[in-house]
Structure formats: structure tokens, C-alpha cells
Amino acid sequence: MVHLACIPNDKGDNENLAEEVERLAFNATTQNNASNVSIYGSIYSTQQVPMYEIPDNELPKEVAYRMIKDDLSLDGNPVLNLASFVTTYMEKEAEDLMIESLSKNFIDYEIYPQTAEIQNRCVSMIGRLFHAPSSQGSQLIGTSCVGSSEAIMLATIAMKKRWQNSRKATGSSWDKPNLVMSSAVQVCWEKAARYFEIEEKYVFCTPDRYVIDPVEAV
């Protein structure tokens, strides 16, 4: 139990004591919530997290971090995700390089020439791995992508243009391209075919074969 004693002023006016005590208590609570009090022991745990509009007042960074982190805990576990073709593990050194480079706007090659050079090396390695065609004296052409979906889109439009050019060169019809693929193909290939107006032709899986068969494809 705490006993509050009044400290009289020169006029002996004590009428505002209760109001002043309430103000001091509120200020102390606000300061504690911002720094010292547990997130879910603060007033912020009783408030709705802003969802559709920018709030009028800010949240302490610790509170915002914890609430967003807990929201993300409702996602699936990436280590158990075997269906979306993503890397779920990499060495700490690779993660450190990614974090240290987050502030770079990579599209500005003139400001970040060494990052662009590393990209070119990766493009060269991938191109040589898949025996990308190149005439004598010319260099392989490629680019980095945000993800596999973007890579598939670029590859599909490149295949279509290359096919059309070869058909035009021989005087053949070039207005009805098609793409032969396994029925188990990743869904982005279907999207790419529809986006770029390419007919889809599927080789369906069988109980004893789960990949495309070259003979059946032809």
C-alpha cells in the first residue's frame, strides 16, 4: 500500500492533487510501454493492429517487430515446404551477404558495377552449363531474375520469338506456336503459355512414368 502525502504550495491549494497524480501515472505508463514493459503486458496488446490505413500514431519498433513476427508465425514452415521450388537453407555467409546488400538498388549498374559483374559471372556459368549457343567471337546473353517464375516468362517469350524468326526465315507459317510439356509441369509454364498466346500440348504422366517421354512428345 502506498500513502500519498500532499506537499502544499505557497497558497496551500490542494484541489488539483488527484488530477496531477493521474497525469503522472499516465505518463509513467506510456514511457514504460515504449521501452520497459513486455509487449503483451503493454497497452498495445489491447489495440487492433492497423490493417488497411496508415495509423495516426506510431508504434515502438519493438512492438511492431513482435506483432508482425507473431503474425508471420501463422505461415507454414519453409523447411517443410517441398512444393514450391524454393531454397529453404543456405549457409550463414550467404545470408550475411544478402543482408549486407539489401540497401543496394541493383538496377543502377553504374553505382554498383561489381555487383553487376558478379551477375555476369553467374549468367556465364549457367549459360555454359546448359550449352547456350554462341557464334565465334560473340558472348552469351542472359540476365538475373527475381525468381523462377520471372525466368520462365522470359524464357518462354524468348523461345517464341526465336521460333517465329526461324519460321519467317524459311517462309513458313509462324502464327500458331505451341509448347510441348509434361502434365506435371510447374503452373507458371501454363501461365506463360496463356500470357503469350502459345498453344499448350501435354504429355500426360502414367502410373509408371512421371516425367516427359521424348518419343511420346514427338
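Just after helix α6 (residues 187-195), E197 takes a positive phi of about 55° in this predicted model, for which local features need pLDDT of at least 70 and side-chain atom pairs count only at pLDDT 80 or more, while totals for chains, interfaces and linings use all residues. Residues are numbered from 1 along each chain as its sequence is written, and side-chain values use heavy atoms, with hydrogens and water left out. Helices (H or I, at least four residues) and strands (E, at least two) are DSSP runs, numbered from the N terminus.

Within α6, C188 is buried, as are A192 and A193, where buried denotes under 20% relative accessible area, exposed over 50%, and partly exposed in between (1.4 Å probe, protein chains only). These three residues lie on the same side of α6, because they cover an arc of only 140° around the axis, the arc being that of the directions from the helix axis to the C-beta atoms. The buried residues of α6 pack against α5 (148-169) and β2 (199-203).

Helix α4 (residues 113-129) contains V123, and Q119 also lies in α4. V123 counts as buried at 18% relative accessibility, and Q119 is buried with a relative accessible area of 9%. Leaving aside neighbours within four places in sequence, Q119 is in contact (heavy atoms within 4.5 Å) with F106, Y109, T143 and S144, whereas V123, with residues up to four places away likewise not counted, touches I141, G142, T143 and S144. V123 and G142, which are 19 residues apart in sequence, have a C-alpha to C-alpha separation of 5.8 Å.

A search of the whole structure finds 5 salt bridges, each defined as a side-chain nitrogen of Lys or Arg within 4 Å of a carboxyl oxygen of Asp or Glu. R121 is partly exposed at 43% relative accessibility, and E117 is partly exposed at 34%. In helix α3 (residues 92-100), K92 and D96 are likewise 4 residues apart and separated by about one helical turn, and their salt bridge brings the closest N and O atoms to 2.8 Å. K92 counts as exposed at 55% relative accessibility, whereas D96 is partly exposed at 26%.
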